[in-house]
Amino acid sequence: MKFMKLGNRPDTFYTAEAVRSVSSEVTSDLVIQVRTSRYLLHKFPLLSKCGRLQKFCIDQDTTQDPIELPDFPGGAEAFELCAKFCYGIIITLSALNIVAVRCGAEYLEMTESIEKGNLIYKLDVFLNSCVLRGWKDSIIVLSRTKGFPHWCESLKITSRCIDSIASRVLMNPLKINWSFSHSKGREDIHEREINGTESRRHRPNSKGWWAEDLSELSIDLYWRIMVAIKSGNKVPQELIGEALQVYAYRWLPGFSKEKPISEKSPETLNGGDITSKHRLLLETIVSLLPIERGSISCSFLLKLIKAANILSVSQSTKMELARRVGLQLEEASVSDLLIPSLSHSNEMLYDVEMVQRIVENFMLQAQSPPVSPPRTRREFYEKRRSRSAEDLDFQESRRASSASHGSKLRVAKLIDLYLQEIARDINLPLEKVIELAEAVPDFARPEHDDLYKAVDIYLKAHPNLSKSERKRLCRLLDCKKLSMEACMHAAQNELLPLRLVVQVLFFEQVRAATSGNGPAAELPHNLKALLSAHEEDGVCRAREDSWSVGGLKPSKQKLTTLRMRLAEADNDQEDEVAMHDGGGCVSGGRNSSMLKAICSMPNRPKRMLKSSAAFTALAGPAPPTCAKVGDDSQQLVQLKNISMHRSSDSPHESKDMKFDQQAQWHQAVEEVEEEEESPPNEDQSTP
């Protein structure tokens, strides 16, 4: 820290009966009252250097009435330094007191017009030539201006400090005149006093060395410095983002690990002025965020959103933060998106609406494919030996487009994992889950295992959902995008609608059939075990949160029995094909047996006959015997048997015809579900 000493006389000020006086042979003839302090001084040394005191002495009789200075900047301490300068007493000036003394000298009008070499001139020379040339001295002076905002603004002390600090941020750190910092410990102070300069180990090495020092300033001064730094266009946007992050961690509540933001609530921050101060601080930080994408981490932006919810900042600030997060949502994690909900209108644990708004902003990014660069007529006729700069830009835009597609895949994965976390909330409405899941395009989900797990968790956490609500939720799933393990889990999940279970089995059989080398591929052993378990023991209940299928494997005896049944069915089919080629009329009888099996379901009206033809046409030759179906699990077994026999049709039938009849399968399943949901008609008798 730089020091300046003025005067050559020893200090002769003393205190007697709460009055400050000067030891002198001459009697005091001037009484000055500075706030609560009284001074007995002499006119000659003071009036020769202070123009304001000259005016007071002319206007009033100072021998009887004291001169009152209630609004003196800096108080009695600054006035006494100015008075000692008038007496020629030694005073020491530094960055710690120069602001108060400079404002006091301006108040007393100690200018060059009163006397050459007056105090104002000496202070300005010291301030410009020494103090403002040091980095940390400039920060100290700027922080001291908070006590005299109007005086410092009129004297341009604040603006000079800001310009000095901003210019040194843009400068090479090795060229900066490092000065002593008041924030260091006593050991560092002693070391600098011995060595005379700051040791090299105290010099910052990173490019963002200035962020920690500036974080000690108030928000209004910090804002002005950051605006000056950004206007220079020399500091990278990433460094500005890091500096804002350091300042937020220094002042915003809830950013430190000791006090997580989730533990705070509006009741704990109802300090009035404290809450408004933090709110202003947060809004100022948001206004200073760099425009360049990626200059601020997505995790930090989401922490700002959490703080914005707690501090109840303006809606425009929240929208701006949501827009900024949407630009780089693929960088976020699930824990970052778990924003606590502090709204009194709902009882949800997390702010799902904010996450949905963020996803919408992510999807609103520029998604149009890049267009080829325009060519002039001269370029059309000239032979181009190399790629032009426009072609290179086009290639870069294409790469950016492909990266955008990859970011959508990552966001879809992120949203599915986020749905798994919030699905356990019993107060989470079904509409919020559906809207958030549908906010991601279908092509961004190459597989639906994570989405299925979120649906399964939501169904378990909300057991009171109606059948129609479960169907709405399960429409989000695409059975063709489920893995084998997810299909096994879904086939045994009693919480899923019957339609979804049938679709899972159907697409799994189609997948197995199309992957075979022969005319009809054999079903995987795990699906055979599942069908055998349904036939013998009914529908098995899925375990709570386990996705393992290790416990689903049947014993060797059951598997042998199942293989014998499949072999018998294949032999019966070969006999029927032969009889059909011979001109027999067996198919009509088998269709009638299938009709009787379907119509034997209890509590089914006559219009169930409409779907029997579709099932008969789709299933083809049915098994020799058909057991009566009495409950939902046996009905599911009946549908599985139809799909199995359909997959093992005549070898003359092509695989394309099987896929063409997929629409008939869906129509048949829908008719079965409609009959299942409709109440039985007592007037009609079952055939």
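Visitor: Which residue in β6 does glutamine 33 stand opposite?
Guide: In this predicted model, strand β4 covers residues 30-34 and pairs with β6 in the parallel sense over two bridges. Strand β6 comprises residues 67-68. The residue in β6 that stands opposite glutamine 33 is glutamate 68.

Visitor: What is the order of the strands in the open sheet?
Guide: The sheet has five strands with mixed pairing. Its edge strands are β2 (13-16) and β6 (67-68), each of which pairs on one side only. The order is β2-β3-β5-β4-β6.

Visitor: What angle does the direction of helix α3 make with that of β5?
Guide: Helix α3, residues 75-87, packs on the sheet and touches β2, β3, β4 and β5. Strand β5 spans residues 37-41. The direction of α3 makes an angle with that of β5 of about 10°.

Visitor: In β3, which residue is the bridge partner of threonine 15?
Guide: Strands β2 and β3 run antiparallel and are joined by four bridges. The bridge partner of threonine 15 in β3 is arginine 20.

Visitor: What phi does glutamate 17 take in the hairpin of β2 and β3?
Guide: The hairpin has two residues between its strands. Alanine 18, placed in the loop between β2 and β3, has a positive phi of about 65° although it is not a glycine. For glutamate 17 the phi is also positive, near 55°.

Visitor: Is alanine 18 buried or exposed?
Guide: Alanine 18 lies in the loop between β2 and β3. Its relative accessible area is 65%, and the cut-off for this class is over 50%. Alanine 18 is therefore exposed.

Visitor: Why does glycine 104 count as buried?
Guide: Glycine 104 belongs to helix α4, residues 98-108. Leaving aside residues up to four places away in sequence, glycine 104 touches Phe72, Pro73 and Cys82. A residue is buried when its relative accessible area is under 20%. Glycine 104 counts as buried because its relative accessibility is 0%.

Visitor: How many Å apart in space are glycine 104 and phenylalanine 79, C-alpha to C-alpha?
Guide: In sequence, glycine 104 and phenylalanine 79 are 25 residues apart. In space, their C-alpha to C-alpha separation is 6.5 Å.

Visitor: What is the relative accessible area of threonine 158?
Guide: Threonine 158 is part of helix α8, residues 157-169. Not counting residues up to four places away in sequence, threonine 158 touches Leu142, Thr145, Cys152, Glu153, Leu221 and Arg224. Threonine 158 is buried, and its relative accessible area is 2%.

Visitor: Is asparagine 233 buried or exposed?
Guide: Asparagine 233 follows α11 and is found in the loop between α11 and α12. Its phi is near 55°, a positive value in a residue other than glycine. With a relative accessible area of 68%, asparagine 233 is exposed.

Visitor: How many contacts beyond four places in sequence does the model have for residues 576-633?
Guide: The mean pLDDT of the protein chain is 74, with 61% of its residues at 70 or more. Over residues 180-204 the pLDDT is below 50. Where pLDDT is low, predicted coordinates should not be read in detail. Residues 576-633 also stay under 50, and their contacts beyond four places in sequence number 69.

Definitions and conventions
Residues numbered from 1 in each chain as written. Predicted model: local features only at pLDDT ≥ 70, side-chain atom pairs only at ≥ 80, totals over all residues. Heavy atoms only, no water. Buried < 20%, exposed > 50% of the residue type's maximum accessible area, 1.4 Å probe, protein only. Contact = heavy atoms within 4.5 Å. Pairing = 2+ DSSP bridges. Axes fitted to C-alpha atoms, helices over the stretch in contact; angles between N-to-C directions. pLDDT = per-residue confidence, 0-100.
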